[in-house]
Structure formats: C-alpha cells, structure tokens
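Please keep the viewer open as you read.

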Amino acid sequence: MGNAHAKSWDAQSLIIEKRDGEALPDEAIDWFVAGYTDGSIPDYQAAAMLMAIFHHGLDGRELTRWTTAMIDSGRRFDLSGFDRPLVDKHSTGGVGDKVSLILCPLVAACGAIVPQVSGRGLGHTGGTLDKLEAIPGWQAQMGPDRFRQILDEVGAVIAAASDELAPADRKLYALRDVTGTVASIPLIASSIMSKKIASGTEALVLDVKVGNGAFMRDLDDARVLAETMVDIGNSSGVRTVALLTAMDHPLGRAVGNTLEVDEAIEVLAGGGPADLIEVVVTLAREMLSLVGIDVDPAETLASGGAAPVWQRMIEAQGGDLSAPRPRADHQLDVTATEGGWVSGLDALAVGVASMRLGAGRARKEDDVDFGAGIECLVKPGEPVTVDQPILRLHSNRPETFPVAAELLEAAVTYSHSEPERRPLIIDRIA
Ligand code: URA
C-alpha cells in the first residue's frame with residue numbers, strides 16, 4: 001500500500017520505537033502491515049513487532065490505522081443494493097456456542113440480511129464452520145457472487161472468509177498463535193474488526209464472552225475489548241454494539257459438532273435450553289434494533305418461524321438435513337459424586353475434554369471428529385442425586401475416555417442448597 005512514494009521505513013527501527021513505548025506514525029503502520037502481508041517483512045520481525053505491541057498496546061489513532069491497513073491488505077466487499085438492511089454478529093468464542101446457527105436464520109426471518117463470514121475452532125473453543133460441516137454435503141467455501149446470490153434468495157449465509165478478506169489477518173493470526181501474542185486487546189480487536197468491516201456489513205453486534213471458558217476471563221479486560229471494538233466499528237461507519245455474556249459454563253447442553261447442530265435444530269423448532277434461547281434472543285433484539293426492525297424475535301423463534309430460513313440456508317450451501325449426521329460409536333457417562341445441586345461446570349474443562357474426545361483441533365491441520373463431544377445432562381442450577389449421570393461423553397476413540405472423564409469429574413462442583421443464578425447477559429456497550 002502506497003509504499004513507493006512514502007518515506008522509506010525500516011522494520012528494525014519501527015520495532016525499536018514500539019519496544020520503547022513510542023507511537024508509530026500512520027504511514028509506518030501502513031508500510032509494516034502491507035510489507036508483512038506481501039512477504040517483504042519476515043516472520044521474525046513481525047513477531048518482534050507483535051510482542052512489542054503486546055506489551056505497549058496501540059493508542060486509538062494507531063489502532064484505527066492498523067485495522068484500516070489490515071482491511072486494505074485485501075478487498076472491501078460491497079454488499080450495497082439490497083432492499084433490506086444488513087447486520088452481522090460476531091462471538092469471541094466459547095464452549096457450546098452454537099448461537100450463530102440459530103441467530104442468522106432467525107434475524108433473516110425477522111426481515112434483515114445476515115452476511116456472516118465465520119471461522120473454525122481452535123483449542124478448546126468450537127467454530128461455527130466445523131459445526132455446520134457436520135451436516136452432510138454442506139460447503140463453507142464460495143465466491144462473492146454466490147455469497148450475494150444466497151443473501152438475495154435466502155437472507156442469510158454463513159461462509160468461510162475468502163482469501164481476499166483481510167489477508168494480513170490470516171498471516172498475523174497464525175504468527176500470534178505461535179508467539180504468545182494472541183491475548184492482546186488491540187490485536188484481537190483489529191483482527192476481528194478488520195474482517196467484519198471488510199465483509200461489507202452495515203451493522204454489527206459483538207458477543208464478547210467472559211469467564212474461564214472465554215478468551216477474556218476478566219470482566220474489566222472484556223469490557224475494554226468490547227469498548228475498543230465498538231469504537232473501531234462506529235468510527236468505520238459500521239453501527240456496532242457489544243454484549244458481554246457469561247462463559248463460565250457451556251452454553252446449552254451440547255458440546256461438539258453434530259450434537260450442537262442437533263441442539264440448534266431443537267431451538268429452531270421452538271424447544272431447547274433456556275440459557276441458549278436467552279442469549280440468542282437478546283442478540284437478535286440488538287441486531288434488529290440496530291437496523292430499525294421492530295419485530296419480536298422471541299415469538300418468531302418460539303413459533304418455529306426461523307426453521308424454514310435455516311433449511312433454505314443450509315440447502316443453498318449443499319447441506320442435506322435429512323441425511324444422517326456423523327455419530328460417535330462409543331458413549332460413557334460421568335456420574336455425580338455428591339447429591340444436592342450442581343453449582344458449577346467449568347467451561348474450559350468441558351471444552352478441553354471435548355477436544356480430547358476428538359471434537360476439536362489441538363493443531364490447525366488436525367481433523368475434527370464430528371460425532372465426538374459431550375452432553376450436559378445436568379446443568380448448573382439443577383438438582384442431582386449421587387450416581388446420577390451428569391455428563392455423557394461421545395467419541396470414536398474410547399481410549400480418550402479416561403483422560404476426559406478425569407478432567408470432567410474435577411470440573412463439576414456441588415452445593416447443598418439451590419445455587420444463586422448468575423446473569424447470563426452481563427453488560428451492554430454501545
Ligand atoms: N477471533 C479472531 O478473529 N481474532 C482474534 O484475534 C481472536 C478471536
């Protein structure tokens with residue numbers, strides 16, 4: 001980007017400036033991000049810069065410029081010309097978070113267009129694309145013309161990012177992943193917002209997860225991340241609101257790809273767990289209100305009104321909902337060691353156990369076992385008797401059961417009286 005006429009920068013001096021806590025000039029940021037994307041700046045210098053940013057952050061001006069440089073590393077998609085407003089949602093990731101599967105068709109059924117570019121799971125968190133790939137035939141990849149056509153015909157699409165969408169992020173994210181620089185607020189914010197802004201949405205609701213199963217365990221950090229992303233969105237012309245939502249326990253009862261698709265279908269048919277419905281409906285209300293649509297999504301959901309849109313959305317991407325989805329051959333129940341109430345179920349432990357059973361990836365190149373996962377038969381806040389099954393493990397690799405079961409036994413806490421319910425929706429940042 002614009003390097004030919006710019007002052008000539010050198011990577012080492014810029015790393016030193018950032019290492020010493022100075023702010024980087026705008027053109028230097030453009031030069032650095034473009035240079036890393038095109039390969040003229042090597043991984044080792046980009047890694048050093050990321051570590052310097054990790055320690056010193058980016059001020060508001062630098063962050064806006066860094067995000068813009070990431071957007072401009074690829075193409076800004078033009079989604080103008082629809083007769084309905086466009087609104088998207090992004091979650092920072094959690095355990096059992098199948099919200100997008102329900103929310104995208106729901107918000108489309110209520111009258112908006114939902115152009116969702118989504119990702120895969122890594123580590124203990126699941127990814128929306130992996131979940132949908134549990135549906136036989138479903139394809140995440142498509143070109144911009146097909147993306148637009150499905151939006152036109154169905155109103156909602158969930159697809160993988162194309163190579164042209166913020167390519168700087170693909171390289172920077174992979175580098176952060178192996179250099180201990182993922183958990184940096186400006187780097188997370190610019191990574192998420194560059195992709196969302198470039199994807200062409202008009203409005204965006206962010207679901208910033210807080211708790212031990214989330215990226216941000218600390219409420220104050222989550223709030224700063226949410227405020228940072230809301231500022232970037234609004235200053236780039238994308239109306240943005242964030243909700244802070246609890247991720248101490250898995251969301252819903254199902255964790256793992258096929259299991260989560262099953263649960264999403266249950267909710268789309270008007271049933272399903274109350275916590276999942278609460279998060280879906282609250283996010284849907286925010287999305288609809290951002291684009292001025294006055295429809296109650298709770299009614300649409302409860303009456304099964306989003307199910308036909310879901311069906312069309314999946315079929316448009318080749319998915320066959322009537323075909324059997326992959327199931328695991330082996331099950332094992334973890335039973336209660338105490339009676340009373342379940343007071344806690346550590347989301348991180350459930351996520352890690354599910355990954356060990358085969359539902360997630362330990363490394364990017366790993367295959368996912370769609371049938372693997374965990375059913376939470378008893379959730380925090382529900383009564384339990386000694387020896388009652390509380391978690392059902394599913395895997396095609398029964399040798400993983402002992403490790404997963406041990407993790408899960410330690411993940412459950414009990415109380416002798418009914419535990420207080422903690423709010424799921426913690427805060428709203430606008
Ligand atoms: N999701 C992203 O896309 N990027 C991050 O840095 C973290 C979560």
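A polar side-chain atom of R176 lies 2.9 Å from an oxygen atom of the ligand, a polar contact being a pair of N or O atoms within 3.5 Å. For S191, a polar side-chain atom is 2.6 Å from a ligand nitrogen atom, and for K195 the distance from a polar side-chain atom to a ligand oxygen atom is 2.5 Å. The protein covers 89% of the 240 Å² of accessible area that the ligand has on its own (Shrake-Rupley method, 1.4 Å probe).

This is a predicted model, in which local features need pLDDT of at least 70 and side-chain atom pairs pLDDT 80 or more, while totals for chains, interfaces and linings use all residues. Side-chain values use heavy atoms, without hydrogens and water, and residues are numbered from 1 along each chain as its sequence is written.

## The shell around the ligand

Surrounding the ligand are Y173, R176, I188, S191, I192, K195 and F215 (near means a heavy atom within 4 Å). By type, this shell holds 4 nonpolar, 1 polar and 2 charged residues.

Which elements give two or more residues to the shell? They are α8 (167–177) and α9 (185–198), and α9 provides the largest share, with 4 residues.

## The whole chain

The protein chain contains 16 helices and 13 strands (DSSP runs of at least four residues for helices, H or I, and at least two for strands, E). Its C-alpha trace spans about 70 × 45 × 35 Å along the principal axes.

Methods:
A polar contact is a pair of N or O atoms within 3.5 Å; within protein, one must be able to donate a hydrogen and the other to accept it, and residues adjacent in sequence count only if both atoms are side-chain atoms. Ala, Val, Leu, Ile, Met, Phe, Trp, Tyr, Cys and Pro count as nonpolar, Asp, Glu, Lys and Arg as charged, and the others, Gly among them, as polar.
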